[in-house]
Amino acid sequence: MAIQLSEQEIQRRQALDEMRKRGIEPFPAALFPVDTLSKQLKQDFIERRQVVMAGRLMSKNIMGKASFADLQDSEGRMQLYVNRDEICLGEDKALYNVVFKKLLDLGDFIGIKGETFVTGTGEPSVKITELHVLAKAVKPLPVVKTDKDGVIHDAFTDPELRYRMRYVDLVVNPDVKETFIKRSKIMTSMRNFLSNKGYLEVETPILQPIPGGAAARPFITHHNSLDTPLYLRIANELYLKRLIVGGFDGVFEFAKAFRNEGMDKTHNPEFTMMEMYVTYKDYKWMMETTEQMLETICMDVLGTTKVTIGENQVDFKAPFKRVTMIGAIKDHTGMDIDGMDEVHLREVCAKLNVPIDETMGKGKLIDEIFGEKCEGSYIQPTFITDYPIEMSPLCKAHRDNPELTERFELMVNGKELANAYSELNDPIDQRKRLEEQAKLADRGDDEAMFIDQDFLRALEYGMPPTSGIGIGIDRLTMFLTGNDSIQEVLLFPQMRPEVFQTESNVPIIELSDEGKAVMKFLTEQMSLGDLKAKSELSNKKWDRVTKELRSAGKIEIWKDGEALMVKEV
RNA sequence: GAUCUCUUAGCUCAGCUGGUAGAGCAUAUCCCUUUUAAGGAUAGGGUCCUGGGUUCGAACCCCAGAGGGGUCACCA
C-alpha cells in the first residue's frame with residue numbers, strides 16, 4: 001500500500017480495526033431485512049410505525065447521551081434519533097458511546113430498526129432501537145449541506161471530479177441522480193410506445209467488418225483468430241434494413257454507436273441512438289409517429305410537453321412545424337437554390353460567407369449553408385424536409401423532384417434530434433449511390449462510406465417500402481432534463497485516463513543526490529547559512545533539499561537567537 | 001487541432017506589490033437527552049498540479065509539460 005493516506009483515511013482504517021477488535025464485522029455477509037424507504041415513509045408518514053431501514057450515515061449531531069443523524073437511502077434522507085439508553089438496554093453503553101459516536105463515520109452504511117415519531121420542531125424522524133454496521137467507508141465523502149432556504153453549501157461541483165467519480169457525484173448530488181432516473185424513464189417510455197405498436201426490439205452487431213450506415217470515422221480493432229480488422233459500429237441502419245428484408249414489419253434498437261471524432265459539450269465518442277424501421281410507411285408517416293412519440297414521452301416523464309432548455313421554452317406538443325430545406329434556406333438567406341448546380345452553389349456560399357473546401361460536393365455545400373445560416377434558428381421542434389439527394393445516399397429520391405430525397409431531420413433548440421427517410425429500396429440505385437459516395441472518398445472526404453456488398457445483396461432480394469428513423473437519446477435526454485452538456489446525461493463520459501499513484505510509479509523514498517551531498521557537509525551542529533554555502537546549491541534546489549531532509553527526519557533546524565542552526569538527527 | 005482559462009488541507013474556497021500558507025465545513029479530544037448548513041471549547045491536518053528558470057526570497061513572475069473547463073473548427 002504505497003498510496004499515501006490522508007489523516008482522515010488513516011482514522012477510518014483505525015476505526016475499522018477497532019470494530020473488528022470489538023467483535024463487530026464492518027462488512028457483514030448476511031442480508032439486512034430492509035422494509036422501508038425514505039421517500040415513501042415521508043409521504044405516508046404515520047407516527048409509532050416500526051421500520052427497518054438501511055443506507056449511508058450522512059450527518060451526525062451528537063448531544064451527549066442522544067444524537068440526531070441522517071440516513072440516506074436510494075430515495076433520499078430520513079432523520080434518525082439515536083438515544084443511548086434506547087439502543088443500549090443494559091449496562092454496556094459501548095454501542096452508543098464508542099461505535100456510534102466514534103467508530104461510525106459519515107458515509108458508512110448502517111442498518112437500523114426503530115419507530116417513527118415527530119420531533120419538537122416537527123421533523124418526521126425514526127427513534128432507533130437497533131443499530132447495525134453494514135459497510136464501512138474508509139474514504140470520506142465531500143460534505144454537502146443544504147440549509148432551510150434550500151441553499152447548498154460546499155457543493156461538489158468540479159466537473160472533472162464529478163465525471164471521474166460519478167459514484168461520489170450520485171451520492172452527494174441528488175439532482176444528478178434525478179437526471180439519470182429521467183434518462184431511464186425516457187427510454188422506457190420510448191420502448192413501450194414502440195412495443196405497443198408491435199415493433200420488435202432487436203440487437204445487431206457492434207463489431208462490424210464494414211462500418212456502414214453513416215458518414216463518420218470509425219474506431220478500428222482487430223479480431224485475433226479471424227485475423228481481420230473489425231470496426232466499432234458508427235450506425236446500425238444497414239443491419240436493421242436486412243431484418244426488414246428478412247420479413248419483420250417493424251424493428252428498433254437502442255444502439256450505442258462509436259465515432260472517432262472530436263469531443264465537446266455535445267459529442268462523446270460513444271453515444272446512444274434509437275433506430276427504427278417500419279414497412280409500408282413513408283417519411284410523412286414517420287413525422288406523425290415521431291411527434292406523437294415525443295409528446296407521449298414528455299407526458300410520461302415530465303407530465304407536460306413544455307420544457308425549458310437554457311433560455312428557451314420548447315413545446316413538444318404535436319404537430320410540429322414542417323419546412324423544406326430549400327424553403328429554410330430561402331427563409332433565412334433570401335437565396336433560392338432550387339435546381340442550382342455545384343458552380344453556382346459555390347458562388348452562393350462565397351456570397352453568404354459560408355466556409356467551404358474543395359472536397360465538398362453539391363449536397364455538402366447545401367448542408368453547409370443550412371448548418372451555417374438556418375439550423376440554429378429552429379428552437380421549437382421543426383421537421384426540416386426534402387434534403388438534396390447527394391447528401392442522403394440511403395434515402396429514396398423525392399416522389400416529386402429527383403434532385404431531392406424523402407428525408408427529414410427534426411430540429412429542436414437549434415440542434416438535430418432525429419434523422420429519418422423513406423428508405424431507398426431500389427438495389428440498382430442504391431449501388432450507384434454508394435459508389436458515388438466512394439468516389440467522394442477518393443476526393444479526400446474521409447467520412448465517405450465503405451461499400452457494404454452484403455447489404456446490397458440483401459436489397460437485391462427485395463425490401464418492401466420502409467421508413468426509418470434515428471433519434472439521439474443523449475440529446476433527447478439533454479433536452480428533457482435541461483442539461484446543456486452531454487457529459488451530464490452520460491453516467492460515465494469519456495475522459496482521458498487518470499494517472500494513479502501506485503506502488504509501481506511512486507518513487508521509493510530515498511534521499512536525492514543533492515540531499516546526500518548536503519549530509520556529507522553537515523557537522524554535528526552548524527549554522528544553516530554555512531551549510532548552504534558549502535552545498536553550493538541554487539536557492540531553489542537548496543529550498544527543496546532542506547525540505548526533503550527535514551521531512552525525512554535527517555536534520556533539524558532551530559533558531560538560536562537570530563541565527564538559524566542545523567544539526568543531524 | 002487553435003485559443004483563453006483554471007489546478008492551494010478530506011470538501012468548498014481566500015491568499016494584496018514576490019517576504020516560508022488561511023477560513024468555513026469535515027476530522028480529533030472534552031462538555032451537552034428533541035437538534036435543523038454552522039451548540040461551546042481546544043487541537044491536528046499542506047508535494048500550493050509537475051519539472052525547469054528568474055530572484056536574497058516564488059503559491060504568486062517566466063518557460064515547458066500534465067489534467068480539467070470555456071470558445072472556435074469538425075461531427076450527431
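Along strand 14 (residues 306-309) of this predicted model, the side chains alternate between two faces.

**The hairpin of strands 14 and 15**
- Strand 14 runs antiparallel to strand 15 (residues 312-315), and 4 bridges join the two.
- T308 has Q313 of strand 15 as its bridge partner.
- The two strands form a hairpin with 2 residues between them; in the turn, G310 has a positive phi of about 60 degrees.

- An open sheet with mixed pairing is built from 8 strands, in the order 8-12-13-20-19-18-17-16.
- Its edges are strand 8 (200-201) and strand 16 (321-324), each of which pairs on one side only.
- Within the sheet, strand 12 (residues 250-258) and strand 13 (residues 270-279) are antiparallel and share 9 bridges; K256 stands opposite T272 of strand 13.

**Helices lying across strands**
- Helix 10 (residues 325-333) lies across strand 16 and strand 17 (382-385), at about 85 degrees to strand 16.
- Helix 15 (residues 473-481) lies across strand 12, strand 13, strand 18 (407-412), strand 19 (415-422) and strand 20 (466-472). The angle between helix 15 and strand 19 is about 135 degrees.

- In soluble globular proteins, nonpolar side chains tend to be buried together.
- The largest nonpolar core holds 37 residues, of which M190, M274 and F316 touch the most other members.
- Helix 9 (residues 283-302) gives the most to this core, with 8 residues.
- Leaving aside residues up to four places away in sequence, M190 touches F254, M274, M293, I297, I471, I473 and L476.
- Another core, of 25 residues, lies apart from that one and includes V323, I337, I366 and I384.

**The chain as a whole**
- Chain A contains 18 helices and 23 strands, and 45% of its 569 residues count as buried.
- Among contacts with a separation of 6 or more, 63% are between residues 24 or more positions apart.
- The chain exposes about 30000 Å², with carbon and sulfur atoms supplying 51% of that area.

**Confidence**
- The mean pLDDT of chain A is 86, and 85% of the residues reach 70 or more.
- The pLDDT is below 50 over residues 503-510, a stretch with 7 contacts beyond near neighbours in sequence.
- Residues 559-563 also have pLDDT below 50, with 3 such contacts.
- Where pLDDT is low, the predicted coordinates should not be read in detail.

Notes
Residues are numbered from 1 along each chain as its sequence is written. Chains are lettered from A and ligands numbered from 1 in the order in which they are written. This is a predicted model: local features need pLDDT of at least 70, side-chain atom pairs count only at pLDDT 80 or more; totals for chains, interfaces and linings use all residues. Side-chain values use heavy atoms; hydrogens and water are left out. Buried means under 20% relative accessible area, exposed over 50%, partly exposed in between (1.4 Å probe, protein chains only). Contact means heavy atoms within 4.5 Å. Accessible areas come from the Shrake-Rupley method with a 1.4 Å probe; for residues, only the protein chains shown count as cover. A nonpolar core is a set of buried Ala, Val, Leu, Ile, Met, Phe, Trp, Tyr and Cys residues joined through side-chain atoms within 4.5 Å. pLDDT is the predictor's confidence in each residue, from 0 to 100. Two strands pair if DSSP finds at least two bridges between them. Axes are lines fitted to C-alpha atoms, for helices over the stretch in contact, and angles run from 0 to 180 degrees between N-to-C directions.
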